Amino acid sequence: MSNLVLIGFMGSGKSTAGRILAARLEREFVDTDIAVEERSGKSIQRLFEEDGEAHFRELEGRVIESVCARSNQVISVGGGAILTAANVERLRRSGRVVYLRLSEEELIARTANLKGRPLLEEEDRAARVRELLAQRRDLYEASADEIVDVDAMRATEVADVVAGRLGLE
Ligand code: S3P
């Protein structure tokens, strides 16, 4: 069975919803950030600090390549994975891609206290979220087979809606 891939901005609940979906569908759950950390032996924070974003993106790409070679998984990818066209191609070929979309205001609220996100470590975090979202919004939408607006939803509801949208209930 093909993969179910969750994409979206940091703080959009991909990992939480992904775990619920994987348990419900009896599939393996893979979080590419965790896979990068395991492979490199460093936290994302340390990877960015010591090796830089470009190196992180390289590792992320390699993880996505190997994860996409397997099937029957629920995959949650880091918020910036869609910046690399090869990642998007691989993910789309490996299964259905679902964008968990949140409004800018909701993302600002949800990322306000998020830890371990080096790209958000700026004095004006709300402005940074707006800036990154402006760069990425179209990419998220273009990369997705399905877009689910999750602003007011709890993770269990997100899982319900995603499963329903993909006919997996
Ligand atoms: C990033 C998102 C993070 C992580 C890294 C970079 C991004 O993942 O991959 O900090 O560029 O948006 P989450 O979306 O799981 O927070």
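**Around the ligand**

Colleague: Which backbone atom lies 2.8 Å from an oxygen atom of the ligand?

Modeller: That's a backbone N or O atom of Gly79. A polar contact here is a pair of N or O atoms within 3.5 Å; within protein, one must be able to donate a hydrogen and the other to accept it, and residues adjacent in sequence count only if both atoms are side-chain atoms.

Colleague: And what should I know about the model?

Modeller: It is predicted, so local features need pLDDT of at least 70 and side-chain atom pairs count only at pLDDT 80 or more, while totals for chains, interfaces and linings use all residues. Residues are numbered from 1 along each chain as its sequence is written, and side-chain values use heavy atoms, with hydrogens and water left out.

Colleague: Which side chains have a polar atom by a ligand oxygen, and at what distance?

Modeller: Lys14 has one 2.5 Å away, and Asp33 has one 2.6 Å away.

Colleague: How much of the ligand does the protein cover?

Modeller: 97% of the 390 Å² of accessible area that the ligand has on its own (Shrake-Rupley method, 1.4 Å probe).

Colleague: How many residues surround the ligand?

Modeller: There are 13 (a heavy atom within 4 Å), and the closest are Lys14, Asp33, Arg57, Arg117 and Arg136.

Colleague: New topic: how many helices and strands are in the protein chain?

Modeller: Eight helices and five strands, taken as DSSP runs (helices H or I, at least four residues; strands E, at least two) and numbered from the N terminus. From the N terminus, the order is β-α-β-α-α-α-β-α-β-α-α-β-α.

Colleague: What does the C-alpha trace span?

Modeller: About 45 × 35 × 25 Å along its principal axes.
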